[in-house]
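The structure is shown first, and the notes come after it.

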Amino acid sequence: MGIAEAGLKTACITKVFPTRSHTVAAQGGIAASLGNNTPDHWSWHMYDTVKGSDWLGDQDAIEYLCREAPQAVYELEHAGVPFSRNADGTIYQRPFGGHMQNMGEGPPVQRTCAAADRTGHAMLHALYQQSLKYDADFYVEYFALDLIMENGVCRGVIALCMEDGSIHRFRAHNVVLATGGYGRCYFSATSAHTCTGDGNAMVLRAGLPLQDMEFVAVPPDRHLRRGRADHRRRARRGRLSDQFRGRALHGALCPLGEGPGVARRRVLAERLPCITETGKIFAGVDLTRQALPVTPTVHYNMGGIPTNYHGEVVCLKDGNPDHVVPGLFAVGEAACVSVHGANRLGSNSLIDLVVFGRATGLRIKDQLKPGTPHNPLPKGSEELALSRLDRFRNANGATPTAKLRTEMQRTMQKHCAVFPRLGAADRGRGEDEGHLRRDAGRVGQGSLADLEHRHGRDAGARQSDGAGDGDDPGRREPQGIARRAHARGFPRA
């Protein structure tokens, strides 16, 4: 939206309709130190984010995130995002795990701005409408295949039209990758089935690196922490520790002194309508009377395409780890500004996307003038993408793509889970390599996109699998940091 608002001709290439992107599923809210419900300050937010990252986040980028967060939220409000409101008309803010006042000393702070439990849905629709207002062009159900690179400069992308199978070459002064995470390389994930790490795979094929791929968030109750207290109760009995926040939703919603067991209908209707409906449809659970069982599942990937706080993709070149790749940007879960370190703080995902997405738009606006002519693309810029597609189309293997996908996901779930044991990643990597060597069968046009999804997942799996368990014994322990970060209450089975 910001790029189009600056008067630059903007094309959005998306494999699903824009309002079906996975941002639509974000329920918890967006963190910003507005101070509407409790005292707050951006430095407290910064402290919580650094602490939540296991002290591995980039503190300069975290400072930028937390300083710019309030302004970004107010811009969303002015763009039409229908935030829930307090009685005085200000944006409603809810408490969220890990957010505290007074540099971590407490008490808990209400920092997470919310539109009921549909915050991502509200944001996505408002920003899509604003983008249409500024005449951004949308290429819906186009699958980006590969970057066009020339002498280290990104010049555009090659994309497949999923409707008719035609191949398109998009020439661009700047390419912004906002392709989401790669959670679907695991069998159990909260990510949509479209979250297959396509942008990460494109970057790898272009010869560029990824960063922090061993850091994968596996929370036991991520979608249940939308209530009003940090106290949780087991589905049977007993209060859980503060570090392991819960199996039951109704304990979270009953204010202390109101009696355990039954969540108030008013709180459910006002604050958690989507979760209430989802529990009834998929688990057959009436949340006003029963606890909702939860299981640990992959929720967020802290690693991704390394960027600076302007959204510019960086890589190591001539000893400089911050060398900017001209023409290439990344934002959201696809990127790794490293504000999350080893573990993302709750409700920092949307603010990461908005703050650094906004910064990317401002950076491109400063660097590029409307009407700047394009140089001719290099000869053979489409060869990489077309040769890969031809290999898929003419494959003669006997294994269906869907079977390879499932086997890879189960391998990651088994060997790269919450508590990876020594050598488990080696075994998992061996199994993944075996899956990759097996050739899929001949595919038609409808399966080409699925094969591209598979290659995106494969790239994420191989990077995540190997990042923390390589030849250096010193890297064996960090592999489990993020996967344990939300699961310290689990016993070692």
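The model is predicted. A search of the whole structure finds 14 salt bridges, including those described here.

**Glu68 and Arg358**

- Glu68 and Arg358 form a salt bridge in which the closest N and O atoms are 3.0 Å apart.
- Glu68 belongs to helix α3 (residues 59-79) and Arg358 to helix α9 (residues 348-367), so this bridge ties together parts that are 290 residues apart in sequence.
- Glu68 is partly exposed, its relative accessible area being 23%.
- Arg358 is partly exposed as well, with a relative accessible area of 21%; the cut-off for buried is under 20%.

- Asp146 forms a salt bridge with Arg205, where the closest N and O atoms are 2.7 Å apart.
- This pair links distant parts of the chain, with Asp146 in strand β6 (residues 142-150) and Arg205 in helix α5 (residues 198-205), 59 residues apart.
- Asp146 also meets Arg388 in a salt bridge, at 3.0 Å from N to O.
- Arg388 lies in helix α10 (residues 383-393) and Asp146 in strand β6, so the pair ties together parts that are 242 residues apart in sequence.
- Asp146 counts as buried because its relative accessibility is 2%, and Arg388 counts as buried at 4%.
- Arg205, by contrast, is partly exposed, with a relative accessible area of 27%.

**A network of salt bridges**

- Salt bridges link Asp40, Asp48 and Arg111 in a network.

**The sheet β9-β14-β13**

- Three strands make up an open sheet with mixed pairing, in the order β9-β14-β13.
- Its edge strands are β9 (175-177) and β13 (312-317), each of which pairs on one side only.
- On average, neighbouring strands of this sheet are turned by 55 degrees against each other, direction ignored.
- Strands β13 and β14 (residues 320-330) run antiparallel and are joined by four bridges.
- Val314 stands opposite Val324, a residue of β14.

**Helix α9 and the sheet**

- Helix α9 lies across β9, β13 and β14.
- The helix runs at about 85 degrees to β14.
- Helix α9 is also where Arg358 lies, the partner of Glu68 in helix α3.

Key. Residues are numbered from 1 along each chain as its sequence is written. This is a predicted model: local features need pLDDT of at least 70, side-chain atom pairs count only at pLDDT 80 or more; totals for chains, interfaces and linings use all residues. Side-chain values use heavy atoms; hydrogens and water are left out. A salt bridge is a side-chain nitrogen of Lys or Arg within 4 Å of a carboxyl oxygen of Asp or Glu. Helices (H or I, at least four residues) and strands (E, at least two) are DSSP runs, numbered from the N terminus. Buried means under 20% relative accessible area, exposed over 50%, partly exposed in between (1.4 Å probe, protein chains only). Two strands pair if DSSP finds at least two bridges between them. Axes are lines fitted to C-alpha atoms, for helices over the stretch in contact, and angles run from 0 to 180 degrees between N-to-C directions. Contact means heavy atoms within 4.5 Å.
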